[in-house]
Amino acid sequence: TGEETFGGREHWDAAQHPDGRIFVATQRGILIFDGHRWTQVPIGKEKNAYSLAIGEDGSGYVGGSGDFGRLVPSTERAYVYESFLPFVAPDDRSASMVWGTHITGHGIYFQSNIHLYRWDGGHVDVWTASKRFVTSFEVYDRIFIRDETSGLMEVVGEALVPVKGGERFAETRVFMMAPFVDGAVLVGGQQGSKGPLELYRFSEEGFEALPVDRHLADSTLGFTYYTGARVRDGYFAIGTQQNGFFLMNDFGEVYEYHAGEPGLPGDVTSIMRDAQGGLWITHYANGTSYVGAPFSLTRVDTPAPQVLDLVRLDEQLIIATDQGLWSLRDRRDVQRASSAFRPLAGIRDADPVFAMAVSGDRLFYVTSAGLHEARRMEDGSFRSVMLAMDYAEMPRNLIASDVHANRLYAAVEGGLVAIDVC
């Protein structure tokens with residue numbers, strides 16, 4: 001609340017110290033949460049903080065209002081602010097906010113709308129925007145910055161150079177750059193403030209536009225995307241200015257959507273995943289929120305109204321439904337817009353399947369016609385084989401024995417039946 005955080009509800013950025021403490025950049029400076037209470041570190045004359053970064057060694061750097069510098073320990077768990085402005089020539093100082101702070105192996109970077117600064121431990125280098133620097137990102141120890149005239153650029157040595165194909169972002173906003181698959185970078189963009197979500201894969205070959213799941217595109221149409229971050233392998237969180245945030249996978253498919261929940265306002269300014277897997281969400285006018293233990297459920301629509309059982313055979317998820325057997329194949333295997341269940345290859349019977357069991361690499365299932373085995377063929381498909389049944393009652397549940405490789409146990413109305421299969 002505002003009372004807990006020294007009356008300031010305007011929060012912009014968050015980072016976690018190696019010892020677990022949470023640091024938040026706010027209109028009242030840096031606030032530090034140790035799990036029980038908040039403490040405050042004023043930043044510069046205006047006392048405001050808009051960006052921060054915490055290194056693996058616990059070093060802290062902050063961007064403020066016309067100021068930037070570092071956090072210097074004054075006691076074991078308290079800090080004072082030390083400005084780097086004395087290292088900057090008066091003509092290279094700016095009264096604008098420092099919106100980006102990034103730690104790399106080749107210096108600490110601070111981005112305002114007018115200048116990009118680099119601190120190397122004793123000297124500050126300065127680059128000036130041709131028009132206006134809007135956003136900046138650190139990915140794979142590389143610094144990228146969007147200039148409203150030149151588009152997306154990168155710091156290479158002592159130079160700020162255009163990125164191949166980056167001129168498209170002179171007019172397209174970039175709100176996210178994050179590590180992607182195979183060493184590439186996922187770029188999130190938007191035309192204006194209400195355009196559709198745009199996703200790109202960026203590599204040394206340039207930019208490749210990625211498809212966006214239709215449900216995600218439709219459900220977030222008209223949103224203003226503001227920030228984004230990778231929150232675990234294959235999953236990304238995207239924050240909006242008024243509509244909360246959502247999680248998506250690396251195929252642009254919506255995973256979870258968080259908006260209008262108690263304690264979770266819609267005005268998101270940054271998203272940070274802590275070491276415990278929780279998400280810290282900062283807000284423009286509502287302080288900081290915490291979302292614990294995300295990634296609990298993924299929804300995949302099923303082809304049949306009734307799902308009666310499910311098993312995993314090797315890496316394949318198979319469901320028993322009132323319309324036969326179906327398997328889940330993701331888009332790594334089938335070129336579709338989203339993950340989907342398909343009929344189990346080779347099994348054409350669409351009768352209800354009441355129960356299944358897996359024994360080793362064998363799949364058994366029960367229909368009204370009896371007990372079957374879905375036998376895997378060399379090409380990966382399956383062939384249905386009817387097995388002899390020497391009992392009168394229809395099994396409604398199957399369990400494979402952990403002791404006998406060819407034995408199943410079936411739950412029937414009269415009790416438990418052992419079935420030996422060959």
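Predicted model: local features only at pLDDT ≥ 70, side-chain atom pairs only at ≥ 80, totals over all residues.
F341 is found in strand β31, where strands are DSSP runs of E of at least two residues and helices are runs of H or I of at least four, both numbered from the N terminus. At 11% relative accessibility, F341 counts as buried; the cut-offs are under 20% relative accessible area for buried, over 50% for exposed and partly exposed in between, with a 1.4 Å probe and protein chains only. Go 15 residues along the chain and you reach W326, whose C-alpha atom is 5.9 Å from that of F341.

Some housekeeping before the rest. Residue numbers start from 1 along each chain as its sequence is written, and side-chain values use heavy atoms, with hydrogens and water left out.

## The whole chain

Along the principal axes, the C-alpha atoms fill a box of roughly 90 × 50 × 35 Å.

Of the 422 residues, 51% are buried. The accessible surface comes to about 20,200 Å², and carbon and sulfur atoms own 49% of that; the areas come from the Shrake-Rupley method with a 1.4 Å probe, and for residues only the protein chains shown count as cover. Take the contacts between residues at least 6 apart in sequence: 41% of them join residues at least 24 apart, a contact being heavy atoms within 4.5 Å.

As for charge, there are 37 positive and 56 negative ones, and their mean positions are 2 Å apart. Lys and Arg count as positive and Asp and Glu as negative, while His and the chain ends are not counted. Each charge is placed at NZ of Lys, CZ of Arg, CG of Asp or CD of Glu.

## Aromatic rings

A pair of aromatic rings is described by the distance of the centres and the angle of the planes. Here the rings of Phe, Tyr and Trp (its six-membered ring) pair if their centres lie within 6.5 Å, and planes under 30 degrees apart count as stacked, over 60 as edge-to-face and the rest as tilted. By this rule the chain has 25 aromatic pairs.

One of them is Y109 with W127: the centres are 6.4 Å apart and the planes at 20 degrees, so the pair is stacked. Y109 sits in strand β10 (residues 107-112) and W127 in strand β12 (residues 124-128), so to link them is to link distant parts of the chain, 18 residues apart. Both Y109 and W127 are buried.

Then there is F169 with F207, edge-to-face because the ring centres are 5.1 Å apart and the planes at 65 degrees. F169 lies in the loop between β16 (159-162) and β17 (172-179) and F207 in strand β20 (residues 206-210), so the pair ties together parts that are 38 residues apart in sequence. F169 is buried with a relative accessible area of 0%, and F207 is buried with 14%.

There is also an aromatic cluster, formed by Y61, F68, F84, F87, F110, Y117 and W119.

## Loop residues

| Residue | Relative accessible area | Class |
|---|---|---|
| A350 | 47% | partly exposed |
| D141 | 33% | partly exposed |
| D182 | 74% | exposed |
| R132 | 33% | partly exposed |

D141, in the loop between β13 (133-139) and β14 (142-147), has a phi near 65 degrees, a positive value in a residue other than glycine. D182 lies in the loop between β17 and β18 (185-191), and its phi is near 60 degrees, again positive in a residue other than glycine.

R132 lies in the loop between β12 and β13. Leaving out residues up to four places away in sequence, R132 touches N113, R146, D147 and E148.

A350 belongs to the loop between β31 (340-343) and β32 (355-359). With residues up to four places away in sequence not counted, A350 touches D322, Q323 and G324. G222 is 128 residues apart from A350 along the chain, and their C-alpha atoms are separated by 42 Å.
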